[in-house]
Amino acid sequence: MSRETITKICVVVISLTAFCLISAACSPVSSSVSKNGNDNNNKNVSAGYEKPRVAGTISSGEIDESSGIAASRCAENVLWTHNDSGDDAYLFAINTKGEKLGTWKVPNAKNNDWEDIAAFKNAKGECFLYVGDIGNNERLKSEMTIYKVREPKISGADKSSSKKNPIETENAERIKYGYPDMRRDAETLLVHPQTGDIYILSKSFSQPSGVYKLAANYNLNKTNTLKKIADFAVPAIPNGLLTGGDISFDGRRVVLCDYFGGYEITLPKDAGNFDEIWKQTPQVIDLGAREQGEAVCYSIDGKSVFATSEKRNQPLIRVKSDK
């Protein structure tokens with residue numbers, strides 16, 4: 001999302017927060033709302049996470065709007081990110097200190113409004129990246145695209161690659177989809193690590209996020225229609241302004257973020273279906289100071305959460321867990 005749009009959003013959010021605090025009429029957020037919009041009730045703060053710390057700085061000048069982040073399923077200590085709209089179809093690999101590992105271009109893709117990325121490893125041990133061209137700020141598009149591309153293998157020589165001299169990925173599959181109800185904007189793309197099912201969470205100023213699902217047996221030859229399976233709200237104002245997310249590799253937890261903070265939901269041990277996770281109460285995760293936070297993911301072992309921010313030379317934030 002553009003920085004001008006973010007500025008307008010901040011004005012709206014501040015105004016809405018002030019109104020809600022005065023009227024005490026906003027739900028589900030109580031009167032103990034912090035300056036960043038998060039609900040600070042102890043019951044909503046996630047236990048088991050340390051305080052956020054800066055793991056490093058994303059120093060590559062090519063990464064100026066980190067809008068999505070995902071941990072590689074095939075390489076240790078590798079994170080994948082991309083820029084928001086306005087860039088070409090580039091993927092960037094960084095390590096867990098934020099240092100550049102290489103620049104790749106997806107040859108048959110276009111970055112209209114790339115908003116999130118997810119990593120997936122299939123039963124054959126093959127690793128893929130799903131890139132969500134899912135932003136739709138003006139609600140003009142009825143058809144959206146997810147690009148599925150084989151994850152590149154990284155070598156030390158790749159550090160010299162750049163936008164002027166990128167490495168090409170394999171051609172990507174184009175997964176086309178539309179919504180069953182109305183045109184939506186979205187910035188959150190999730191892929192279930194066991195089933196390969198795809199989840200899109202819509203972004204809204206005025207209502208909870210809609211959770212939409214595309215089963216792994218999608219059709220590449222037509223526009224698939226998502227299935228709405230839930231409405232989901234986080235303890236913040238607004239409660240559906242989600243900008244990124246990830247599913248843990250064991251499929252038991254989901255981490256989400258908005259511009260202000262992070263949230264986690266956990267699948268009950270006796271749950272028979274992953275989609276029961278959307279009924280759970282979100283717990284707040286402190287993601288530290290982010291100028292324009294739009295991306296969050298789990299580490300491959302699930303023991304850390306990483307978060308980035310748009311703009312250049314931003315910190316790579318790491319929050320460790322004892323779970």
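Residues are numbered from 1 along each chain as its sequence is written, and side-chain values use heavy atoms, with hydrogens and water left out.

The mean pLDDT of the protein chain is 89, with 85% of its residues at 70 or more; pLDDT is the predictor's confidence in each residue, on a scale from 0 to 100. Over residues 10-43, however, the pLDDT is below 50, although this stretch has 45 contacts in the model beyond near neighbours in sequence, a contact being heavy atoms within 4.5 Å. Where pLDDT is low, the predicted coordinates should not be read in detail.

Strands (E) are DSSP runs of at least two residues, numbered from the N terminus, and two of them pair if DSSP finds at least two bridges between them.

Strand E11 (residues 186-191) is largely enclosed by the rest of the structure, because six of its six residues are buried, that is, under 20% relative accessible area with a 1.4 Å probe, protein chains only. This strand pairs with strand E12 (residues 198-202) in the antiparallel sense over five bridges, with Thr188 opposite Leu201 in E12. The two strands E11 and E12 form a hairpin with six residues between them, and Gly196 in the turn has a positive phi of about 80°.

A further hairpin is formed by E16 and E17, with five residues between them and with Gly251 in the turn at a positive phi of about 75°. Four bridges join strand E16 to strand E17 (residues 253-257) in an antiparallel arrangement, and Gly245 stands opposite Leu256 in E17. Strand E16 (residues 244-247) is covered on both faces, with Gly244 and Asp246 buried on one side and Gly245 and Ile247 buried on the other.

Lys213 lies in strand E13 (residues 209-214), and its contacts, leaving aside neighbours within four places in sequence, include Tyr199, Leu226 and Asp275.

Conventions
Buried < 20%, exposed > 50% of the residue type's maximum accessible area, 1.4 Å probe, protein only.
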